[in-house]
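Please look over the sequence and the model below. The report that follows goes from the overall fold to single residues.

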Amino acid sequence: MHCLSFRPRELRRLFYAPSFLGMFDRFQEAINAYVPAGSVLLDAGCGRGRTFLYRRRLPSVRVVGLDISPHARDNPNVDSQLRGNLEALPFADASLDAVLSTHVAEHLARPEAAFDEMARVLRPGGRLLLLTPNRRHYVPVLARLLPTGLHAAVNRRRGLGEHDVFPTLYRANTAADLHRLATGAGLHVERLEAFETEPEYLAFHPLAYAAGVLYERVVNRYGVLAPLRVSLLLVARKVG
């Protein structure tokens, strides 16, 4: 195999045990734990759902998808799909059991408005489950320096189209930001953690990937380095 081919699966098998939980594995566990059977769940910013197929683990949950892009209509996770903006959700107050947000917060121009809306549509006891990158990690730091066109080129190698790539603003992308936004929207933070996963973005070369693995093992081992981990996972409950 050519050394410059994009091959994250092969490299993951080389460096990690099968039991290692990746980014979406950990988010799936949180969804399974906090979204009860029979819930109505909003996938806020659902996209096309190509990179995270969570629905097969939630057979008794009704999923409504919402996205600004017309390409989201083919998302295999959702039962129905609406086109709209997170800052003005087309749902009544307290009408949903859970809101899911996967790699959306980094694109929000007005995160306070979006968090207020996601909290508004939750029923008392309902939860917001959110996964987003940490802007202090080296990948977002480099991403902010690169043009959107280069992002699109990298993502094409990951199997994503250009319409899956949006400008990143990182206005809600530290643990402190998420805690402030959630509590400001009237939500109680039940879980907020940072974790490092396999360095998929460095899979263009085995040596780069190996350097990323070393980084992952160091920052996951020492708690003081938690602010440098790539992923932020939030679970926040609506009180009342």
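## Overall fold

What pattern does the chain follow, read along the sequence? The pattern is α-α-β-β-β-β-α-β-α-α-α-β-α-β. The model is a predicted one. Its chain has seven helices and seven strands.

Of the 240 residues, 48% count as buried.

Seven strands form an open sheet with mixed pairing. The strand order is S3-S2-S1-S4-S5-S7-S6. At the edges stand S3 (80–83) and S6 (187–195). Each of these two has a single partner strand, so one side of each lacks a neighbour in the sheet. From one strand to the next, the twist averages 15 degrees.

## Strand S2 and its partners

S2 covers residues 62–67 and runs parallel to S1, residues 40–44. Five bridges join S1 and S2. Within this pairing, Ala44 has Leu66 of S2 as its bridge partner.

S2 also runs parallel to S3, and four bridges join S2 to S3. Here Asp67 stands opposite Arg83 in S3. Is S2 mostly covered or mostly uncovered? S2 is mostly covered, with five of its six residues buried.

## Helix H2 across the sheet

Helix H2 spans residues 23–34. An angle over 145 degrees counts as roughly antiparallel.

## Helices H1 and H7

H1 takes in residues 8–15, and H7 takes in residues 206–221. Their axes come within 11 Å and cross at roughly 50 degrees. H1 and H7 are therefore oblique to each other. The crossing of H1 past H7 is right-handed.

Which residues meet where H1 contacts H7? From H1 come Pro8, Leu11, Arg12 and Phe15. From H7 come Pro206, Tyr209, Ala210, Val213 and Arg217. By class, this contact has seven nonpolar residues, two charged residues and no polar ones.

## Phe115

Phe115 sits in helix H3, residues 111–120. Is Phe115 buried or exposed? Phe115 is buried, with a relative accessible area of 0%. The cut-off for buried is under 20%.

Setting aside residues up to four places away in sequence, Phe115 touches Leu108, Leu128, Leu130, Leu178, Leu181, Ala182, Ala185 and Leu234. One of these, Leu128, is 13 residues from Phe115 in sequence. The C-alpha atoms of Phe115 and Leu128 are 9.2 Å apart in space.

## Asn134

Asn134 lies in the loop between S5 and helix H4 (138–143). Asn134 is buried too, with a relative accessible area of 2%.

Which residues contact Asn134, leaving aside its neighbours within four places in sequence? Pro140, Asn173, Thr174, Ala226, Pro227, Leu228, Arg229, Val230 and Leu232 do.

How values were computed:
Residues numbered from 1 in each chain as written. Predicted model: local features only at pLDDT ≥ 70, side-chain atom pairs only at ≥ 80, totals over all residues. Heavy atoms only, no water. Pairing = 2+ DSSP bridges. Axes fitted to C-alpha atoms, helices over the stretch in contact; angles between N-to-C directions. Contact = heavy atoms within 4.5 Å. Buried < 20%, exposed > 50% of the residue type's maximum accessible area, 1.4 Å probe, protein only. Parallel < 35°, antiparallel > 145°, perpendicular 65-115°, else oblique. Left-handed = near helix turned anticlockwise from the far one by under 90°. Nonpolar A, V, L, I, M, F, W, Y, C, P; charged D, E, K, R; others polar.
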